[in-house]
Amino acid sequence: MPGEGRFACWRMRCTGLGCLAALAVLCGALGDAPSRGIKCGGVLSAPSGNFSSPNFPGLYPYETECMWLIVVAEGSSVLLSFSHFELEYHDTCAYDYLQVYNGAAQDQGNLLGTFCGHSPPPPFSSAWHVMAVVFRSDRHVAKHGFAAAYKKDACGGQLTGLSGEITSPRYPESYPNDAECRWSIGGAGGPLTLVFADFQMEGGQGCGFDYVALFDGPTVAAPRLGRYCGSARPPRTISSSPHLLIIFKSDFNIGGRGFKAHFYSGECQEVFTTIKGNFSSPQYPNFYPNNLKCQWSIQLPPGYRVKIFFLDMELEGRSSLTGGCDYDHLSAFDGGTENGSLLGQWCGRESLAPVTSHSNRLLLVLHTDRNTAKRGFSISYVGVVPMNVSCTRTDFHIQIPVQALAQLERNRIYLGTPSCAAQVVGRNFKIHTRFDTCGTESQRRNNTSVIVSTLYIDFSVGDQEDIHQYEVQCEPKRKEASVTLIAGPDPSRLSQAENLVDAQQWEGEEIYAREIKSQDTSDIVFISICILAGLLMVIAVVGLVLL
């Protein structure tokens, strides 16, 4: 698979510690042999242990690179802490540094941080049962180095990152009795959102037996956000700070399946309610992190639909075995939840056509796995204004609910030119115009004569221009009309409609224009003329017979 390189083997199913250690060596996860014969690094597979820089507490040697791969039992996480830390300082850690990876090293999507100087790294908890630590020194300035300790933690821990998953011990099997777990989540900035995907615990009035308690901060001294038990899933919870504490407790009898929950923070969880907007994957255009599940929800007023434009996208490619997006992928759901209709699922590096929802809500979900990160994506969206467009043989009829554009004056809505502005009739903006006015044009598309014009809706504020354009089209012979958004959030980049024909045929335009001008202004007049002509023919025939 493109881009996987030496870590493709981490996708193999391997559960034993010995197997994992062997895989680490086979994959090359331990890096190159250290220079100058210095022995450092290795696979650490005991439930707990300690390691340090070479010669600690003495000065570490020059030009040294060491890698420790910590592998604990599957289903557990690794808790890592530092008791001493002193490396050469640089503002970007370009000389001597220590790196901590949430999984195998050498994948920037797994990188939890790069550290140097005298400030020790914070405690880390891995998202799975593998963690890597890399130490490197250059040829100048040696310090005393670092000392670190790790341990296996089957439940609870200090969690960091933009998103993650939390489960009760042994989930989905029944959780143990007399258990107590604490997860302290420190987000990457901004409030944290916690969503329970599954929940089944012993119930009871007041949740006095088994329960999950949530606190709006790093300790139990923070305000309590809720205490839950039984089989009803707790509601979506949003903290007021970048910290959230989750406590799970079970008593001496009666258990349950437990719970599974996801947390999101910062740029990994956003809700948009404006008519247009832009967003991108975390850290775009730099590589996104691994082990993500991020959500972007677009919620517009009733009647609107959501149209998204892919400005840039580069995710991990398709599986070479199945041809599907089995690794990192972006999915779009209609209706605002993952239970809605799937509008599309994408991966790799592709040029994608715009996607339009069928309702006023659309949800985008990004899943990334444990390795091989890419640049990510950039997306713009615009709300498609609800409108009713119809036509006769000679006229356009356009109707838009005033409620949908309540902030706009009627002269901000016009067909072709500002002189053809909408009128307010009851609860609607209305435009009723002949084909030979308001900048309409006759064209031939797919060997069919059509009348085309552009509807402008001007959302501009001050000096910031924001004009949305819709192409309205009529096929007069069938009296069939259609409307298509052709420019929204960025007219310079989004000027082409989804279904327009690139090469338009202009032959016969003048002839057809003369035909249009000679037609009457309504179908009633046209029919009346036909009837009158018929009567005159009958009178003429009768007159000839009488003569």
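Predicted model: local features only at pLDDT ≥ 70, side-chain atom pairs only at ≥ 80, totals over all residues.
How many salt bridges does the count come to here? It comes to 11.

Now to Arg-375. The side chain of Arg-375 meets that of Asp-312 in a salt bridge, at 2.8 Å from N to O. This pair links distant parts of the chain: Arg-375 is in the loop between strand E26, residues 361-367, and strand E27, residues 376-384, while Asp-312 is in strand E22, residues 305-314. The two are 63 residues apart. Are they buried or exposed? Both Arg-375 and Asp-312 are buried.

Arg-375 also forms a salt bridge with Glu-314, at 2.6 Å from N to O. Again the pair links distant parts of the chain, with Glu-314 in strand E22 and Arg-375 in the loop between E26 and E27, 61 residues apart. Glu-314 is buried, as is Arg-375. Put together, Asp-312, Glu-314 and Arg-375 are linked in a network of salt bridges.

Next, a sheet. Which strands form it, and in what order? There are 4 strands in an open sheet, ordered E28-E29-E32-E31, and the pairing is antiparallel. At the edges are strand E28, residues 388-391, and strand E31, residues 423-425, each of which pairs on one side only. On average, neighbouring strands of this sheet are turned by 25 degrees against each other, ignoring direction. E28 and strand E29, residues 395-401, run antiparallel and are joined by 4 bridges. Within this part of the sheet, Val-389 stands opposite Ile-398 in E29.

Val-450 is in strand E34, which covers residues 448-458. Val-450 counts as buried because its relative accessible area is 2%, and buried means under 20%. What does Val-450 touch, leaving aside residues up to four places away in sequence? The contacts are Glu-441, Ser-442, Gln-443, Arg-445, Gln-473, Cys-474, Glu-475 and Pro-476. To take one of these, Gln-473 is 23 residues from Val-450 in sequence, and their C-alpha atoms are 6.7 Å apart in space.

Notes. Residues numbered from 1 in each chain as written. Heavy atoms only, no water. Buried < 20%, exposed > 50% of the residue type's maximum accessible area, 1.4 Å probe, protein only. Contact = heavy atoms within 4.5 Å. Pairing = 2+ DSSP bridges. Axes fitted to C-alpha atoms, helices over the stretch in contact; angles between N-to-C directions. Salt bridge = Lys/Arg side-chain N within 4 Å of Asp/Glu carboxyl O.
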